[in-house]
Amino acid sequence: MVLSVMSISDRRRVLAVLGPTNTGKTYLAVERMLGHPSGMIGFPLRLLARENYDKIVKAKGAAKVALVTGEEKIIPPGARYFVCTVESMPIDRPVDFLAVDEIQLCADYERGHVFTQRLLKARGAAETMFLGAETMRPLIRRLVPEAEFITRARFSRLSYSGRRKMTRLPPRSAVVAFSASDVYRMAEMIRRQRGGTAVVLGALSPRTRNAQVGMYQAGEVDYLVATDAIGMGLNMDIDHVAFARLVKYDGFSIRHLRATELAQIAGRAGRHMNDGTFGTTDEAADIDDEVVEAIESHAFEPLKTLIWRNADLDFRSPRALLKSLDARPPDPVLRRAPEADDQLALTALLRDESVMKLADNRGATQLLWDVCQIPDFRKTLTDAHTRLLAEVYRQLMAPSGRLVTDWVAKQIARLDRTEGDIDTLVARLAHIRTWTYISHHGEWLPDPRHWQEKARRIEDTLSDALHDRLTQRFVDRRSAMLVRSLKSGGDLLAAVTAAGDVLIEGEYVGRLDGFRFVPDAAGSSEDTRALLSVARRALKREMAERVRRLEAEPDGAFSLGPLDGERWNAVLWGDVPVATLVPGADPMRPAVRPLTGDLVEHAARDRIARRLEAWVASEVAAALQPLVRLREARVSGPARGIAFQLVEAMGGLPLPALDGLSESVGEADRKRLRALGVRFGERHVFVQPALKPKTVTMRARLWAVANRLIRVPALPAPGTPSVVMAEGVPPAFYTAIGFAPAGRRAVRLDRLEALAEAVRAVAAAGPFVADTAWAQLVGCTRSDLPALLTGLGYRAVIDADGSTHYHAVKQRPRRRRRRKGGQDAPETASPFAKLRMLDRA
């Protein structure tokens, strides 16, 4: 149907423009109204009224357009066009054009009687237009026989896509539930999995609802979770509507949604020429095939009855008023309305004797009815609301006929606070909206403009606070940014702070720990994968620059982790671990494994390894300088063998382990070895400089790396001649750091050889008694000496008088073990045989 068909010369036409959602009915009505000298249009929601008021102001100017809702009245003196909520339409004002949107709400139990009254009584002088669903056609034809019908087809196709998991819903989806608790739960779920969602509830103020919708429309989030509040008037870019529930509580009982209700909500998907889909999710099962077919074809059973309430009220007394509200409908297709909130409020106030005494005439009863219209936006009609209505009525019935200023100020001041959670702010908003409504009854307040502005300011402040709370709870801006970034595929602005914090597009996403990206993902693994994907793109240049800087660093920039800490095997760049030591070709040549994660390519990882291995080699060489010099010494065959074995053992060996090599070393080579710090003792050969603390620390670290230890055992304090071996620490560890296990103690090799020399000098004269000075020599107690002397080859004998003497044990002749080639090799029996076996193992 094109506009040109309907000329202004058509007088007193009544048109019913019917069709599903997204057919342009509202646009047609507004354009038609602006073609008349004056007009009035009623919308089902304050939100819709405000939205269309703003559009009409742009077209006609603010001086010609009025906004009339229960909570807001803007009426310029020369207003020609009135944009209203249906309940607030001033139908006694003559206008050329009049329209009512969503006329199918005549069948709504709660508000239907108002819409039905407009259908029956509201008319424009030249033209009247009712906009709504095709299901109204038979009843409009019966009740308004002069009406003409115009059918509007949907601009886009709506199709059913079945059931999907919440995690599989496509972007630009709206999830619909029918309780605040369900909405909050699903919004939390989407926040964790998809970064965030907008939330729309009927309890939200228009300003909060607009802010949430605006966030969705701007693409800050790709999902919307809502109650059926989105079923009317919210024109958004929704591609898919997913019903999380197919039942609702309608104020009377829990029931299944009707096909028409499902269609009204599903119709939000696919706006203008874009097709849309609908389906189910969460706990909702699949929608029945018959219902799906009805929704897709927009073919529904017509309405059989409408809700009606008598509008010809009897104000002679409150009881007469109540009786007139219960009048029977004049037509069988009209059903008497259930008790609405205003009627319930009247019934409750009739039980208040102070109210009944005041309502003793027509005017007082009329005022009582006006007070009963004050809405309870919490929709609970509690005793608190009834008490508020009673107090308002008593004050209005006082001689001044106005509300007491101090009382109003106190009531409103209680609401001027923004602390609290979402539910607290929602309740506070409901209360202030009630006062906003009261403030627009100008005759009830001494300075109505002041109270209107104050109530509006508080409502706006609370609305903004509620929007912030909803956003904080249900939107993870970082994850939402990630979703947008991954979708766009473009370059990302990345920054790394001095502390290593990674900011991508201004949002903190994690930190760089050397060459590893540590994502700040407290949510799902999917969130972590998204962070890694974005970081891989955004940090590519930063990682390449870090590799270049590491290669160029001087040796002083690197260090090894503290030996007594968890990072003992780490290579530190500054104070950040960038690699770990791992077993290499031999204990003195550990390998380096860079800690790079997935953000560094293989070639760059190899460059890091080469630079750090070069530094580690120089660090090991510096700490083990005595062994390095020994390895590079120019000595003959037997001496070279001894040097090789000492270096391999990191500085110390029992003499028997040399298999007699020491006896074959010439005097010149022996002199060279002594110059390099090699000491030939009675029981051991060792490198004296390798017992210094710095070298011992490196020997411990390298042995721990080679043996894949988790922690390095505690080292003896510098200068300590012996220690009690720690439980669980293998004796081979003490051997590796230059100590020889003996009994429960491990003795430093130079002190053990000094003890052996002192004992040998005494033993030359025959059996002897242990000297206390020997315990001081090796830093042990007297009780430890028996084990040490036994280990040195002396046998304890207890004499008749109970004293203990030690005797030198006669050495058994060397046994020969068969060498390769048939020759025998000597093997000397040793009190340290067990130690030698451990070393060889």
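1. Two strands count as paired if DSSP finds at least two bridges between them. With that in hand, look at S27 and strand S29 (residues 684–687) in this predicted model: three bridges join S27 to S29, and the two run antiparallel.

2. Three strands make up an open sheet, in the order S27-S29-S28, with antiparallel pairing. S27 and strand S28 (678–680) are the edge strands, each pairing on one side only. On average, neighbouring strands here are turned by 10° against each other, direction ignored.

3. While you're in S27, have a look at Pro654. It belongs to that strand, which covers residues 652–654. Is Pro654 buried or exposed? Its relative accessibility is 4%, and the cut-off for buried is under 20%, so Pro654 counts as buried. Glu682 is 28 residues away from Pro654 in sequence, and the C-alpha to C-alpha separation of the two in space is 9.1 Å.

4. On to the helices, starting with H12 (residues 362–372). Its buried residues are Ala364, Thr365, Leu367, Leu368, Trp369, Val371 and Cys372. Which helices do they pack against? The partners are helix H9 (318–325), helix H10 (341–349), helix H11 (353–358) and helix H13 (383–396). The N-terminal end of H12 has a cap as well: a side-chain oxygen of Asn361 lies 3.0 Å from the backbone nitrogen of Gly363.

5. I'd view H10 and H12 together, given that the buried residues of H12 pack against H10.

6. Next, a helix pair: H19 (residues 540–552) and H20 (residues 602–623). Their axes come within 9 Å and cross at roughly 20°. Angles under 35 degrees count as roughly parallel, and H19 and H20 are therefore roughly parallel to each other. As for handedness, the crossing of H19 and H20 is left-handed. On the H19 side the residues involved are Val547, Arg548, Leu550 and Glu551, and in H20 they meet Ala604, Arg607, Ile608, Arg611 and Leu612.

7. Glu127 is worth a click. This residue sits in strand S7 (residues 127–132). With a relative accessible area of 0%, Glu127 is buried. What does its side chain touch? The side chains of Glu127 and Arg32 are joined by a polar contact of 2.7 Å.

8. Last one: Ser722, in strand S30 (residues 722–724). Ser722 counts as buried, because its relative accessibility is 4%. Its side chain makes a polar contact of 3.1 Å with the side chain of Arg745, and also reaches the backbone oxygen of Val778 at 2.7 Å. Leaving aside neighbours within four places in sequence, the contacts of Ser722 are Phe739, Arg745, Ala746, Val747, Val778, Gly779 and Cys780.

Key
Residues numbered from 1 in each chain as written. Predicted model: local features only at pLDDT ≥ 70, side-chain atom pairs only at ≥ 80, totals over all residues. Heavy atoms only, no water. Helix = DSSP H or I, 4+ residues; strand = E, 2+ residues; numbered from the N terminus. Buried < 20%, exposed > 50% of the residue type's maximum accessible area, 1.4 Å probe, protein only. Contact = heavy atoms within 4.5 Å. Polar contact = N/O pair within 3.5 Å; in protein donor to acceptor, adjacent residues only side chain to side chain. Axes fitted to C-alpha atoms, helices over the stretch in contact; angles between N-to-C directions. Parallel < 35°, antiparallel > 145°, perpendicular 65-115°, else oblique. Left-handed = near helix turned anticlockwise from the far one by under 90°.
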